[in-house]
Amino acid sequence: MEPVRSALNVADATHTERVQPLHVVLICVLAVTVAGSCLLTSGPNTRMEGSRDWHEESPLRAVVGVMNLGYAQTTALGIEIKSLVFGVGAAIALAACGLAFAFRPKTELEVSLYDTTPESGIEAMPRSSRQITPLIAAQFLLAAYVAWSFASMLWSTAPDLAMGGSVLLAIGVVWALCLGRGLGRRSAVTGGAVLLAACAATAVLAIAYYGERNPTRRASYPIGNPLFLAACLLPGILLCVGMSWAAVRSASRRPAMLVIALACVVSAAAMLWTVSLTGSRGGMIALGAGLIALVCLAVPSRMRWVVTGGFALVFAAVLVLLWPSFTAPSATGRDASLRLRHYSWSYALDAIEGARFLGRGQGAFTQIGDSGAVADIADDPQALEAPIAHAHNEWLEVAVDLGVVGLVLVLGSLALTVWAAMASIPTLTQPFERWTLIALLSALVAIVVEECGDVGLRIAGLPTVFYTVWGLVWALSRSATEETTRVCARGSLRWLVGAVALCVSVLAVWASLGDFESARASYDAEEARQHRAFDDAIAFAESTGSRLSPQRRLESLQQLCSTYLYVAREYQSAAFDRLSRADATDPPDMSLLRLASQDRAESERLIDRAREVLEALVRRAPDHFGAGWLEYRMNQIGAAYAYRDGDAELAATKTADAGRALYRELARRPSNPIVALSYVDVAGGRLEFDDAFTIIARPLRHAMITAQYMDFVGGLAGDAGFDERFAPLWNALESSAARDALDDPLAPEKLRLAAFIRLLREDYARAFDTASRAHLLYDAWVPPGTIGAAASLAEMADYRFFADPGQVQASIADAEKSIASLPDSTPGREAANTIRQRMLIYHLAAGDEASARTHLAGLYPQAPATFIDSEIGRQYLLLCRSMIHRMHGGLPADFEGWVTRALALRPRDEYAWQLTGQIAFDKNDLARSTEYLRRALEFGADPSAIYSFVRLALGMHPESVGFQTLERELIEAFGAASPPITTDEQD
């Protein structure tokens, strides 16, 4: 058929685009890569916070098992498999393109059905008229961007981090180039449909997982993060809009196209639902920007600015209306995430000032970003409680890492891509090609906007989607006027390019596999530590050094140092134990001394290795989050050896070094209770009492009083002279509370600590009064929604219960108020579960076992009835134990009934039999008492505890034959040396 010629002497080719083998291969690779990156996970088979048990015979459980590869490739984060799939997919695509390029016929031209070419053809064009098109320039700039990233290794302070980050960047760019240069327009439309299908499947899986498995947290599975999940679905939503409209436009000729349109509408609804479940504010703003871009590209040029301006004004108005709700103080703490972005952006701008042109090297922000948080952490601990590993703005982070040069290269490539695509849109007459390009270009704009407040392009998952969109935009924007035949005509160059492509693809696979194996080793190292397989733990930790991400590479160094120190401490404990046992013999046991010496030598060898790793970590990131804690642990081990050797001077030096290391760590983590308590413990008498009390009180603004506080504060309050040192502080707190003023911003937390000290001293009434004052100060001066305010109510409930168990209903009311006031965040939900556990005891004390069972069923929704019965029995025993520890209040009249009920529910519980034996003894029923104590021993009671009770019983009833017999049985069964009677057992 003769082509139809226009007045401009341009011929429209009428043959359909030939589907080449390369197109088929790339589409298959694209399908596997995008689906794998979106759907596959590699997490452990454990429950996350808030998750429910799987339903019996759940189909979703089987699907998740398949998506997680049967839990056979476990990594700590569960997303590393996505990077592996992307790396291998990019390598295969590059190899395929390289081979196709090498074996390509010399005269081959890529002419699509809708490409237009001058009548005389490309070869007839004079050399002077040939130009570098915007599309070629965009691809060249992006390749130069990768080259500049690799070049930054020359001035980076950590070339290995710059290398890893550059490799990750190169994988994405290679993928985009392979799609952009290897696909034709028709196959690119198929690629867009594949991407849409992958996004739709991701959304359906996310909705199902959210509904069945974890409706407590925002939707994140299978991508791993709510923000990243929303960003990955943006192209799918916009493709649904474009392809559904293209299908409607084609329905007049092919009615079956309405089915495609309907499928697109359903898919869009699923993806929009998923985005709403993620609660991603950035994702919603980016989707609005993408829709505006789509409208701008879709309308005729004469109406473009008017229509687009109208849509932009409406979008801006909606954003202004919603902005107060976006930024308002949130019970879930989401306002802190906006403040975090403000801080990280300011740190990035400060870092840019020092190296505007060249940048600091790829991955540099990960090295230095956290250093600025020290100055702001005291004012906003909620926003800055985690490491600042990224700028939360991709383009600012590019400016920090690669300077103005890198930023201009990547933004220039994006701008030229938009230019080339907009120029190609009018030439596309096929609806699907035109609207797929419009949708993909809009998606590219949307992700660029979304990344202005996110870090998704630095993590697994989103890079695959982003570079796929970019590559498909290039493929749909290609013109037949691009000169490739002249390059193809040179056989030697074709073979060289093909060989280079194969070599690079092999390197990409090698790097991706190394990264994944390192991620697996990181998880295995923690597992080995928990199982005390120390040699395996060290071997695995030493295998984590191939991570490509600069952030993960620093974390692997931290983990390696921590593993060395953990195992060194275990060897130290073994050495000290053997030395103690050797010294207990006369003469000392030489074999034990020899083994102890070997343990110490291994421990000190590991300390030296840990020191080398810590120096490497600090050299790369001087203010790395957690480095001070590692140095503290190292010095603590050294101080223990010095004390053992009798070297007081060295021990004091090591202890002082440990204190200085913890001081640096405390400056970054002042609200971490473990760091605070450890620092006060190490600093000892060098700290003023008021300063020490302030340090340990600060973390309680956002935390409950834990078991660590119970141990530490109990020891502190037991020190000689505590009352004299505490009196001035208490007077100041009382004065502040009485005047309804907050001279000390930590007055509520200090009052909570004071109340806790009075609880430990069994002054329950004053403890309740002090906790009540703390709660009043929270109400008056502290913004609502903090865990500290809710914790003060829960503590009031406990102190009231100890002061007067008869007022248990008031304690229940306070506990319920406390739970209602907790933020709906992970720490808040954990605190709520702790309080609910305590409320079980309150309900049982009130004689309301039914309510206790209801609460327990809420905590364990799918637990069997036998578990509920056993747990209720355990709570009865905890209630009894707490009343026994309430020394000066006497046992309630219902105590015996609680023990009887506990024994009925847990007939094999040794503590229940012990209490039953004690009750029988109190009733002077000595025969039954010894019988019950024997049953306690039968079910696993501690013989020393039983022996202590027997000795006390014989002290009161020396004539008791039953207790005399039981004493002899204990001595015969557990050794002639009677277990010592401790002070606690006598009490």
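Q: On a 1 Å grid over the protein atoms alone, a cavity is a set of points where a 1.4 Å probe fits but cannot get out, and its lining residues have an atom within 4 Å of a point; which residues of the lining lie nearest the centre of the largest cavity?
A: In this predicted model, the largest cavity is lined by 39 residues, and those nearest its centre are Leu168, Leu457, Arg458, Ile459 and Pro463. The volume of this cavity is about 590 Å³.

Q: How many cavities of 30 Å³ or more are there by this rule?
A: The count comes to three cavities of 30 Å³ or more. The second largest cavity holds about 40 Å³ of space.

Q: Which helix gives the most to the lining of the largest cavity?
A: Helix α13 gives the most, with six residues. At least two lining residues come from each of α3, α5 (159–182), α13 (394–424), α15 (462–477) and α19 (550–583).

Q: How do the residues of the lining of the largest cavity divide into nonpolar, polar and charged?
A: They divide into 18 nonpolar, 12 polar and nine charged residues. Among those nearest the centre of the cavity are Leu168 and Arg458; because Leu counts as nonpolar and Arg as charged, these two fall into separate classes.

Q: Which residues line the second largest cavity?
A: Its lining is made of Glu80, Ser83, Leu84, Leu168, Ile171, Ser512, Asp515, Phe516 and Leu548. Two or more of these residues are given by each of α3, α5 and α17 (491–530). By class, the lining holds five nonpolar, two polar and two charged residues.

Q: Why is Leu99 called partly exposed?
A: Buried means under 20% relative accessible area and exposed means over 50%, with partly exposed in between. Leu99 has 39% relative accessibility and therefore counts as partly exposed. This residue lies in helix α3, which covers residues 80–102.

Q: What makes the nonpolar surface patch that includes Leu99?
A: The patch, of about 410 Å², is made by Leu99, Phe103, Trp495 and Leu502. Patch residues must have over 30% relative accessible area, and the 39% of Leu99 passes that cut-off.

Q: What share of the residues in the protein is buried?
A: Of the 987 residues, 52% are buried, which means that each of these has under 20% relative accessible area.

Q: How many helices and strands are there in the protein?
A: There are 39 helices and two strands, and along the principal axes the C-alpha atoms fill a box of roughly 125 × 65 × 55 Å.

Definitions and conventions: Residues numbered from 1 in each chain as written. Predicted model: local features only at pLDDT ≥ 70, side-chain atom pairs only at ≥ 80, totals over all residues. Heavy atoms only, no water. Patch = residues over 30% accessible without salt bridge, like charges linked within 9 Å, V, L, I, M, F, W, Y side chains within 5 Å. Areas by Shrake-Rupley, 256 points an atom, 1.4 Å probe, with all protein chains shown as cover. Salt bridge = Lys/Arg side-chain N within 4 Å of Asp/Glu carboxyl O. Helix = DSSP H or I, 4+ residues; strand = E, 2+ residues; numbered from the N terminus. Buried < 20%, exposed > 50% of the residue type's maximum accessible area, 1.4 Å probe, protein only. 1 Å grid on protein atoms, 1.4 Å probe; cavity = no way out; pocket = protein on both sides within 12 Å on 5 of 7 lines; lining within 4 Å. Points joined across faces, edges and corners; volume = space filled by probe spheres on them.
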